Amino acid sequence: MDLRMFYQKMRRIEAEITDHDVVVISRETADGGRAGVATEVPRGVAAKLIVEDRARLASPEEAAEYRAAVVERARKAEQLANANKLQVTLISEPELRALKSAIRPQKS
């Protein structure tokens, strides 16, 4: 393909994409690219991938599903990170004695 044609096509496709970031679905390629992998990329990258026939734009349903999955994975990762946190409170010895005496009933 002529470079001029390549960049004209790329600019045209980029102009058609309205969002800044879009979800693309990969196509199988001869160099080992796997088909069906969704990725969110800037529209310039999306245009290049489409012109090179390495990806296609995701449908609105596919994009919504992908973004929902990303949110869910982030939520699970945050839960896992919070579960792995260990909270430690250091108490000095005088504070410990004061706490113990406050808990134990005083003998009269």
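This is a predicted model: local features need pLDDT of at least 70, side-chain atom pairs count only at pLDDT 80 or more; totals for chains, interfaces and linings use all residues.
Local features were taken at pLDDT of at least 70 and side-chain atom pairs at pLDDT 80 or more, whereas totals for chains, interfaces and linings use all residues. Residues are numbered from 1 along each chain as its sequence is written, and side-chain values use heavy atoms, with hydrogens and water left out.

Helices (H or I, at least four residues) and strands (E, at least two) are DSSP runs numbered from the N terminus, and two strands pair if DSSP finds at least two bridges between them. Three strands form an open sheet in the order β2-β1-β3, with antiparallel pairing. Because β2 (38-42) and β3 (55-57) stand at the edges and each has a single partner strand, one side of each is left without a neighbour in the sheet. From one strand to the next, the twist averages 45°. Five bridges join strand β1 (residues 21-26) to β2 in the antiparallel sense, and Val24 stands opposite Thr39 in β2.

Helix α2 (residues 43-51) packs on the sheet, where it touches β1, β2 and β3, and its direction makes about 120° with that of β2. Helix α3 (residues 60-83) also packs on the sheet and touches β1, β2 and β3, its direction making about 100° with that of β1. These angles, which run from 0 to 180 degrees, are taken between N-to-C directions of lines fitted to C-alpha atoms, for helices over the stretch in contact; contact means heavy atoms within 4.5 Å.

Ala46 lies in helix α2 and is buried, at 0% relative accessibility (buried: under 20% relative accessible area, with a 1.4 Å probe and protein chains only). Beyond its neighbours within four places in sequence, Ala46 is in contact with Ile17, Val22, Val24 and Val41. The C-alpha atoms of Ala46 and Glu14 are 7.7 Å apart, although the two residues are separated by 32 residues in sequence. Ser26, in strand β1, is buried with a relative accessible area of 19%. Not counting residues up to four places away in sequence, Ser26 touches Arg34, Ala35, Gly36, Val37, Arg54 and Ala55.

Helix α3 supplies the largest share of the lining, three residues.

Note on methods. Buried means under 20% relative accessible area, exposed over 50%, partly exposed in between (1.4 Å probe, protein chains only).
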